[in-house]
Amino acid sequence: MLDPTDPDADPRAVIVAGRTIAMDRLAARDRSRGELLDALARRRFPEDVAIVVVDQLQSEGLVDDERFARTWVEQRGRAKGLARSVLRMELQRKGVAAEIIGTVLEDVDPDAERQAAHRLVQRKLRSVQGLDQSVQVRRLTAMLARKGYAPQVAFDVVRAELDAETEPLEST
């Protein structure tokens, strides 16, 4: 195996090896520029080689941080019901630039985010039924807080769902 830190290694071979690693990563899923640079750094590729490799992939359209961020926000927001604050932190950890994160998160609809919070609470309600209402409120708002929802939004959504749950029981 090629040692990227070997000063006698052929520079073209080192770039090809770095590209192979990056392409393997991209084959699994779309990656941010920062993720690929980190992956190459962990494999001890010199920073200048890693930048050349990632720049080539970016010029070929295989690496696009904005596309990555939009896909990430759509998938994680839909699948996990994550709020913008958590999505922002995740994208920052992935090495996406702050201006790209801001642009992508501006497109997140606040109403859709609130509806996601309602769906999360509706699913979790089954597991807290039978508990004291204060315990239900605490557990449900804590779950929404872990997903990144603001405290007031979490409390409002939980209250609305608990009130909606008790209405049908009173009318029967």
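**View 1. Glu90 is a buried residue, with a relative accessible area of 11%.** This view, like the others here, comes from a predicted model. Glu90 forms a salt bridge with Arg76, and their closest N and O atoms are 2.6 Å apart. Since Glu90 belongs to helix α5 (residues 84–93) and Arg76 to helix α4, the pair ties together parts that are 14 residues apart in sequence. Arg76 itself counts as partly exposed, at 24% relative accessibility.

**View 2. Asp30 and Arg67 form a salt bridge.** Look for their closest N and O atoms, 3.3 Å apart. Asp30 sits in the loop between α1 (11–28) and α2 (33–42), while Arg67 is in helix α4, so this pair ties together parts that are 37 residues apart in sequence. Asp30 is partly exposed at 21% relative accessibility, and Arg67 is partly exposed too, with a relative accessible area of 34%.

**View 3. Here is a network of salt bridges linking Arg29, Glu35 and Lys94.** Between Glu35 and Arg29, the closest N and O atoms are 2.7 Å apart. Glu35 is buried, with a relative accessible area of 13%, whereas Arg29 counts as partly exposed at 29% relative accessibility. The structure holds 11 salt bridges.

**View 4. Welcome to the largest pocket, with about 210 Å³ of space.** Its lining has 13 residues, and Gly77, Arg78, Val108, Ala112 and Glu113 are the closest to the centre. Helices α4 (65–80) and α7 (110–128) each give two or more residues to this lining. By type, the lining residues are six nonpolar, one polar and six charged.

Methods:
Residues numbered from 1 in each chain as written. Predicted model: local features only at pLDDT ≥ 70, side-chain atom pairs only at ≥ 80, totals over all residues. Heavy atoms only, no water. 1 Å grid on protein atoms, 1.4 Å probe; cavity = no way out; pocket = protein on both sides within 12 Å on 5 of 7 lines; lining within 4 Å. Points joined across faces, edges and corners; volume = space filled by probe spheres on them. Helix = DSSP H or I, 4+ residues; strand = E, 2+ residues; numbered from the N terminus. Nonpolar A, V, L, I, M, F, W, Y, C, P; charged D, E, K, R; others polar. Salt bridge = Lys/Arg side-chain N within 4 Å of Asp/Glu carboxyl O. Buried < 20%, exposed > 50% of the residue type's maximum accessible area, 1.4 Å probe, protein only.
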